[in-house]
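Good morning, everyone. Please take a moment with the sequence and the model on the screen, and then I will walk you through it.

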Protein chains: 2
Amino acid sequence: MAGIAWVNGKLLPPEEAAISPLDRGFMYGEGLFETMRAYGGRAFRLQEHLDRLCAGAAELGFASPEREHMVRAVEEALAAAGLDDASVRLTLTPGITSSSPTLVVLVRPLSLPPPERYASGCVAVSVPAAQVGDTPLRRVKSLNFLDKLLAQRAAAEKGAHEAILVDPDGCVVEGAMRNIFAVIGGELVTPPLSRGFLPGITRAAVLEIAEKQGLRACERDLPLCELCAADECFLTSSLAEILPVASVDGRAMRAPVPGPITTALMEGYRRLVAQELGPVEG
Amino acid sequence: MAGIAWVNGKLLPPEEAAISPLDRGFMYGEGLFETMRAYGGRAFRLQEHLDRLCAGAAELGFASPEREHMVRAVEEALAAAGLDDASVRLTLTPGITSSSPTLVVLVRPLSLPPPERYASGCVAVSVPAAQVGDTPLRRVKSLNFLDKLLAQRAAAEKGAHEAILVDPDGCVVEGAMRNIFAVIGGELVTPPLSRGFLPGITRAAVLEIAEKQGLRACERDLPLCELCAADECFLTSSLAEILPVASVDGRAMRAPVPGPITTALMEGYRRLVAQELGPVEG
């Protein structure tokens, strides 16, 4: 298995790495993770991911290691893996007794949606959101990820690539694995954080790019029926970046896929990465 | 650390046991667990726990090992631990790639609520249930256990011992860690499975005992206001067995604690254990 695992300071091939079955992350899903993309051996927006991780740990009530320690862990793992383009997963748990956290960094070859998914868009279907109410679990990226996996599986059973979570009010919350945007009448629309979902790092980057490009953008409630009649739609995540959506619940987006605004944002995202990390191949 | 860990066929002291950080149980909380109590070195209602585990694996879409294999694992771990009265935790995950499941059996010294909790009852407070809708996650005992931990912590912050989860209809669902019963006008009442919660093995045993004792018992919706005005209330779990509740949201139960019906069921439970496993000390 290509890649490397950094576990509490030890670098190992991923298949040789070990954690305790007594770890609260394994016992109860008590823990958090972050998935980042590395370009040219450097993780994009590492600080933002660490901000979110530390905020999540505070919310769940366990200590995070020093920032510098986590930065070094990611850098050491990336250097040891020797991969330019890679996925980097950080997992943080309170450990066995909450007195000594477990930190795992997994650097592995990047696995992306196939190129045709970017060229022709993916098929999305709506799925009811399983979590409601004001629970921190909706705002943090916890190891309690089964609801997302099950939503994604329900979508796959319907022949779709992506599940769009819809809450009991009929409002779009997020994709099971990614945040969601629509383009409606020339305006970029994405659900507000008050709908209760993980604030995506790529979502924030796309809002920044939209502002730079002089695009009207709005965080507001997005009823499912409005999404189905949108001009364009796309999903965002650190690994997949910006992924166009061709249809939602069988209704095709009005603009050809990828639409003009989606395309402009995809290019803007690539420029942002190059600006922050230096020129990137591909 | 006393006890033993059985991990995919290997017996080890718990602190030396290891699983892969690539295990889907650790990555996403994709997995299930069962907690049983052993009396005189034998697990009570092991078959029922394995039934529930296998049903959960089918629901989550991954394979369970052969029943005989799991029974042997529990027996080997119990024999190696050399503990009479013990807690036995089985954890089952799809493993790293879903092709080879991970099975962990942890046998550890029993850790029970303090005796005064049985004698004077525990203090319970209501907490909103975080999961709604028809999701398998409410019916299976998955590693996605954070919502329960957070509910229990919210209760502890209010000085209570137990969180009672209440759904948006105002109906009692379950305790965060245990199922719940009330005694109202001489009748035993417990929420119906249709409210969406884990069907407890001890809950089922208590309903059996009630029938044997000729007690009227009913699985029906239990509004929180009705629970707060009940004569008696108790919680059930495999480890704690039957745990009397003294008050809910500051309102004391009408009968002295433990109430007469609670006491009769506690005695009935002890007899049931002795009947199935042979005489038990204490």
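This is a predicted model: local features need pLDDT of at least 70, side-chain atom pairs count only at pLDDT 80 or more; totals for chains, interfaces and linings use all residues.

The peptide bond from B:Val257 to B:Pro258 is cis, with omega near -10 degrees. Now turn to chain A. There, the bond from A:Val257 to A:Pro258 is cis, also with omega near -10 degrees. A:Pro258 sits in the loop between β15 (251–252) and α8 (260–277) of chain A. Stay in chain A for one more backbone detail. A:Asp249 is not a glycine, yet its phi is positive, about 50 degrees. Find A:Asp249 in the loop between β14 (241–248) and β15 of chain A. As background, most residues other than glycine have a negative phi, and most peptide bonds are trans.

Next, the two chains together. How is chain B laid on chain A? Take a turn of 180 degrees, with a shift of 0.0 Å along the axis, and the RMSD is 0.0 Å. The two copies are therefore related as by a two-fold rotation axis. The same surface serves both copies, and 98% of the contact residues of chain B recur in chain A.

Now the contact itself. Chain B gives 42 residues and chain A gives 41 residues. Between them, the chains bury about 3,500 Å², and 69% of that is on carbon and sulfur atoms. Which residues of chain B lose the most area to chain A? They are B:Leu22, B:Phe26 and B:Leu146, together 20% of what that side buries.

There are charged and polar links here too. Chain B and chain A share two salt bridges. One of them joins B:Arg153 to A:Glu30, with the closest N and O atoms 2.8 Å apart. Polar contacts between the chains come to 15 residue pairs, both residues at pLDDT 80 or more. On the chain B side, the elements that give two or more residues are α1 (24–28), β5 (86–93), β6 (102–109) and α5 (146–157). By class, that side has 24 nonpolar, 10 polar and eight charged residues.

Last stop: inside chain A. Domain 1 brings 26 residues to the contact, and domain 2 brings 23 residues. The area buried between these domains of chain A is about 2,200 Å², with carbon and sulfur atoms giving 61% of it.

How many salt bridges are counted between domain 1 and domain 2 of chain A? Four. In chain A there is also a salt bridge between A:Arg37 and A:Glu241, whose closest N and O atoms are 3.5 Å apart. On the domain 1 side, α1 (24–28), β3 (32–39), β4 (42–43), α2 (46–60) and β5 (86–93) of chain A each supply at least two residues. The largest share, seven residues, comes from β3(A). By class, this side of domain 1 has eight nonpolar, nine polar and nine charged residues.

That is the tour. Thank you.

How values were computed. Residues are numbered from 1 along each chain as its sequence is written. Chains are lettered from A and ligands numbered from 1 in the order in which they are written. Side-chain values use heavy atoms; hydrogens and water are left out. Contact means heavy atoms within 4.5 Å. Buried area is the accessible area (1.4 Å probe) that two parts lose on being put together, summed over both. A salt bridge is a side-chain nitrogen of Lys or Arg within 4 Å of a carboxyl oxygen of Asp or Glu. A polar contact is a pair of N or O atoms within 3.5 Å; within protein, one must be able to donate a hydrogen and the other to accept it, and residues adjacent in sequence count only if both atoms are side-chain atoms. Helices (H or I, at least four residues) and strands (E, at least two) are DSSP runs, numbered from the N terminus. Ala, Val, Leu, Ile, Met, Phe, Trp, Tyr, Cys and Pro count as nonpolar, Asp, Glu, Lys and Arg as charged, and the others, Gly among them, as polar. Copies are superposed by least squares on the C-alpha atoms of residues with pLDDT of at least 70 in both.
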